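User: I would like to go through the terms used for this structure and see, for each one, how the value stands against its definition.

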Amino acid sequence: MAKYAAAVDQGTTSTRFMIFNHSGQVVGVDQKEHEQIYPKPGWVEHDPLEIWKRTQEVIEGALRKSNVDPKDIAAVGVTNQRETTVVWEKATGKPVYNAIVWQDTRTDKICNELAADGGQDRLRPKTGLPLATYFSGPKIKWILDNVPGVREKAEKGEVLFGNIDTWVIWNLTGGPQGGVHVTDVSNASRTMLMNLETLDWDDEILKLMGIPRAMLPAVRPSSEVYGHARGLLEGIPVAGDLGDQQAALFGQACYDPGEAKNTYGTGCFMLLNTGTKPVPSKSGLLTTLGYKIGNQPAVYCLEGSIAITGALVQWLRDNLKMIENSKDIEPLARTVEDNGGIYFVPAFSGLFAPYWRSDARGVIVGLTRYINRGHIARAALEATAYQTREVLDAMNKDSGVPLTALKVDGGMVYNELLMQFQADILGVPVIRPKVAETTSLGAAYAAGLAVGFWNNFDELRANWGKDAEWHPKMSAEEREKLYAGWKKAVERTFGWVEV
């Protein structure tokens, strides 16, 4: 009898492999960072071969540290940074170019050209997405247009495209020796090439962007056996695939319409389960796929995507050398009573939800001689909470369902100061689960369901447990005054770059 389910969690800054027991507890984990490559302002790349190398290293590391026999693992799932785009040679597995990361803004010209006829929401009725540099479709077009010889190879089916899930699954199941070329509905819905109704690639959009269908993976459910692993996990079914935010929703057991979660990672992503019908957004949110389990109907979500949250703390650490470790931000922020009247809007790669402004850039406003490092640290943390509030307001508007509590996960949820301020600025309780690594857990759940390691959602719900809860302590008057200041600061970021 298998005792465990496992997941590869390939994120923006690091890769981890996690092994869970039947009650959803972590029994093994290993994690490694990979290089962030910035060739030009606004460009962000990763080396796909380094990512695959790290993936193999963390699988080996987690198995070694936990003394788990791979034969005891029922299935492995994959979850990934979404929209990050890889194109590689089918015969060799060699990438034709670095992976273009979701934060990269080089495709703004392509997006503006596409928007010239029909506006930014031209493809929204079909895809649920605005034309923005965030998504994979324009990134594929950029590679086809700018890397010599790739378009010809794509027409012949000699190169393959994938978001990182597809790249990892292809390599995990054999790579050039018979690797499976698939993606799931949640990742496909982030390319701007998938039709929300048919759950398949849309021929009209492919034609519009000049992307040959031959290079695209097959779109599959989020939970089914795609193939079997080779190498370290030899013979184990690869049976789950979810974009990282959808995986977190799944790991947080948000299986009913109206349930929502917010993940605090490099960026911040709030997802609200809207059930089996797509809900179009009028407030700058994305209509996206939540998950599809085997033959069951697909479940849709509204999503608010924020580009820079945890990445702002890393920026203070790496670029300004203001702190040694990311966790030092909280003690530094606690050296002051409040933000001293400053706001930090981290529009480093434009603004995502609910604005979708690629012409915005980061600002710190309200500076006086009084301001010190502590105020900047505090304003950086508060920026995450304010951006989350903007997204929550948009969700309440679109769905007509006022949220009563927010389930949170990801690296920043151990920051008590941030979590309390988040509850204060939202005016609703904020709840952290016992297993905060819900992204990996969600991918493991999807894989385990496909092979019968878990039988149904009730078993998964029973695993969910509360670890901590924060209640609002701020007066409504104070909350609205601070929030009005934030809105004013955001306006100062608009129109900085000539697009």
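User: What makes the largest cavity, with a volume of about 80 Å³, a cavity?

Analyst: On a 1 Å grid over the protein atoms alone, a cavity is a set of points where a 1.4 Å probe fits but cannot get out. Grid points are joined across faces, edges and corners, and the volume is the space filled by probe spheres set on the points, which for the largest cavity comes to about 80 Å³. The model is predicted, so local features need pLDDT of at least 70 and side-chain atom pairs count only at pLDDT 80 or more, while totals for chains, interfaces and linings use all residues. Residues are numbered from 1 along each chain as its sequence is written, and side-chain values use heavy atoms, with hydrogens and water left out.

User: How do you know which residues line the largest cavity, and how do they divide by class?

Analyst: Lining residues have an atom within 4 Å of a point, and those of the largest cavity include Ile-306, Phe-352, Gln-387, Glu-390 and Trp-486. Ala, Val, Leu, Ile, Met, Phe, Trp, Tyr, Cys and Pro count as nonpolar, Asp, Glu, Lys and Arg as charged, and the others, Gly among them, as polar; the lining accordingly divides into nine nonpolar, two polar and one charged.

User: What lines the second largest cavity?

Analyst: This cavity, of about 50 Å³, is lined by Arg-378, Leu-381, Glu-382, Leu-417, Leu-418 and Phe-421. The elements that give two or more residues to this lining are α12 (373-399) and α13 (416-426), where helices (H or I, at least four residues) and strands (E, at least two) are DSSP runs numbered from the N terminus. By class, the lining has four nonpolar, no polar and two charged residues.

User: Why is strand β2 called largely enclosed?

Analyst: Buried means under 20% relative accessible area, exposed over 50% and partly exposed in between, with a 1.4 Å probe and protein chains only. Seven of the seven residues of β2 (residues 14-20) are buried, so the strand is largely enclosed by the rest of the structure. Both faces are covered, with Ser-14, Arg-16, Met-18 and Phe-20 on one side and Thr-15, Phe-17 and Ile-19 on the other.

Methods
On a 1 Å grid over the protein atoms alone, a cavity is a set of points where a 1.4 Å probe fits but cannot get out, and a pocket is an open set with protein on both sides within 12 Å along at least five of seven lines; lining residues have an atom within 4 Å of a point.
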